[in-house]
Amino acid sequence: MLLPSLFLTLFFIFISFPLCFSSFQDDPLANFLDQTPGYDLSAYPSFFGTVHNDRKDEFEEGFGKLKMDYHAEIVDPTRYDRMGTPVTGLGEVNVDDFGAEGDGKTDDTEAFKKAWKEICSSNVGVLVVPEKKYYLKPITFSGPCKSHFVMLKILGMILASDDRSDYRRDQRHWLMFNNIKNFIVQGQGTIDGNGEIWWKNSCKINKTQPCTVAPTAVTFNQCENLKVFGLNVKNAQQMHVRIEQSVNAQVYNVMLTAPEKSPNTDGIHVTASQNVQIISSIIRTGDDCISIVSGSKNVQAMDVTCGPGHGISIGSLGKGNSRAYVENVMVNKAKLTGTTNGLRIKTWQGGSGYVKNILFQNIVMENVGNPIIIDQNYCDQDTPCEEQDSAVQVRNIVYKNIIGTSASEMAIKLDCSRSFPCKGIVLQDIDLQLYDKDEDRDREANSTCVNVMDLETRGRVSPQCS
């Protein structure tokens, strides 16, 4: 009776995943925009009543796929511990059984490859990394796998090679998970990118060095029904976790850390992916805590602690006159501390496409530079960027219930394109003060809003956009 019971349990785990996303997509904006605790609903008319009539349908359609109160099935890691015994009897594989030493010095890459091949070709696959330190060169774990689900259980540490010559064949990836369905990565272990050698040779740290790429620590490419939870990922060579061309991904209860000065060490980077959730996680790195770029749709970040780092960013988009599309993004219940930026949308001049239907709400900021910023004139290069006629369109953006202190004089900066102004920006219940270190008190911050069409404010908004 053990085998049918296990498969039934796993079936319900994965069948619940797309259902959670359907609930995330179907509720109208009216369900969440006026339901923040602490506000008298009768004092605030329907959100759509405040939207100009010629844009009402666009807002209703665009935000119809977002919801504030998310009730996803959060997977309890102990459920997998309780399933440990039956899974062991049905195909649990230990990397040590394939020759891994786990001494932190011996190259265990081939042992991991052999163990993965065994798991991926079996009916039920659980690959266990015990409580040791495993030294790995770049490696790709590829699917599709034979079993209906695959689990990687990391209990120890996986440490990256710091020999840059090991990455000559592929400088962009260290641990790559490719084309895997119904994939779970969990455990209380650590993935260490060992990135210091890469940071020292970055052109952002050493100006005499040419600007080159560095590996992403963990990449999930073309994965479907992915769950990642309970892990620590630290000291990435460049980005920590990259989710690309994937569908239905949930990252829960992870910690991503790197020194504040480590260059380009984004926490979680989402690109060309749909239905992505980042929940109850702590991200402290040298770049964006979360970055969302072109091709991404239906992305939710909830209960995220961010800082130090560069904040939560959409973009950059449109570099090199490229087309870019991002839509249906919600950031809810986040705390940002000491970040160089807060909630940022950044696009290059000359691009095309759109960023639309974005909601930032219930955010607390502490000593954050540029807490609210839209920059359609983004230019991250040594020479000035020329003004161009085209731009990525930014529209239907809501900032709601955002409080805290700004490290910069300008707490709200909407610097939009002259050719393609921002449209449909809503500021509701904003209270951002400038923290004065010298006098140890808060004082009024400033704001600027340039080339913004149909800007709307609701409730108390400070500073007022000028």
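Predicted model: local features only at pLDDT ≥ 70, side-chain atom pairs only at ≥ 80, totals over all residues.
Reader: What does the secondary structure of the protein chain come to, in helices and strands?

Author: Let's start with the size of the thing: the protein chain has 466 residues, and 56% of them are buried. Its secondary structure comes to eight helices and 32 strands.

Reader: Which strands stand at the edges of the open sheet of 11 strands?

Author: The order is β5-β8-β11-β14-β17-β19-β21-β23-β25-β27-β30, with parallel pairing. The twist averages 15° from one strand to the next. Two strands each have a single partner, so one side of each is left without a neighbour in the sheet: β5 (139-142) and β30 (446-450).

Reader: In β8, which residue is the bridge partner of T140?

Author: Strands β5 and β8 (residues 173-178) run parallel, and four bridges join them. Look across from T140 into β8 and the bridge partner you'll find is M176.

Reader: Are the rings of F141 and F177 stacked or edge-to-face?

Author: F141 sits in strand β5 and F177 in strand β8, 36 residues apart. Both are buried: F141 has a relative accessible area of 3%, and F177 has 3% as well. Planes under 30 degrees apart count as stacked. With centres 4.9 Å apart and planes at 10°, the rings of F141 and F177 are therefore stacked.

Reader: How do W116 and F183 pair up, stacked or edge-to-face?

Author: W116 lies in helix α7 (residues 109-120) and F183 in strand β9 (residues 181-186), so the pair ties together parts that are 67 residues apart in sequence. W116 counts as buried at 5% relative accessibility, and F183 does at 0%. Their ring centres are 6.0 Å apart with 75° between the planes, which makes the pair edge-to-face.

Reader: Which residues do ring pairs link into a cluster?

Author: A search of the whole structure turns up 11 aromatic pairs. Ring pairs join these residues into a cluster: W116, F141, F177, F183 and F220.

Reader: Which residues touch the most other members of the largest nonpolar core?

Author: That core holds 97 residues. Take Y399, for one: leaving aside its neighbours within four places in sequence, its contacts include L343, F360, I372 and L427. The residues touching the most other members are F112, F183, F220, I314, F360, Y399 and I402.

Reader: And how many residues are in the second, separate core?

Author: Among its members are F149, Y252, I279 and M302. The residue count for this second core is nine.

Key
Residues numbered from 1 in each chain as written. Heavy atoms only, no water. Pairing = 2+ DSSP bridges. Axes fitted to C-alpha atoms, helices over the stretch in contact; angles between N-to-C directions. Core = buried A, V, L, I, M, F, W, Y, C linked by side-chain atoms within 4.5 Å. Buried < 20%, exposed > 50% of the residue type's maximum accessible area, 1.4 Å probe, protein only. Contact = heavy atoms within 4.5 Å. Phe/Tyr/Trp six-rings, centres within 6.5 Å; stacked < 30°, edge-to-face > 60°.
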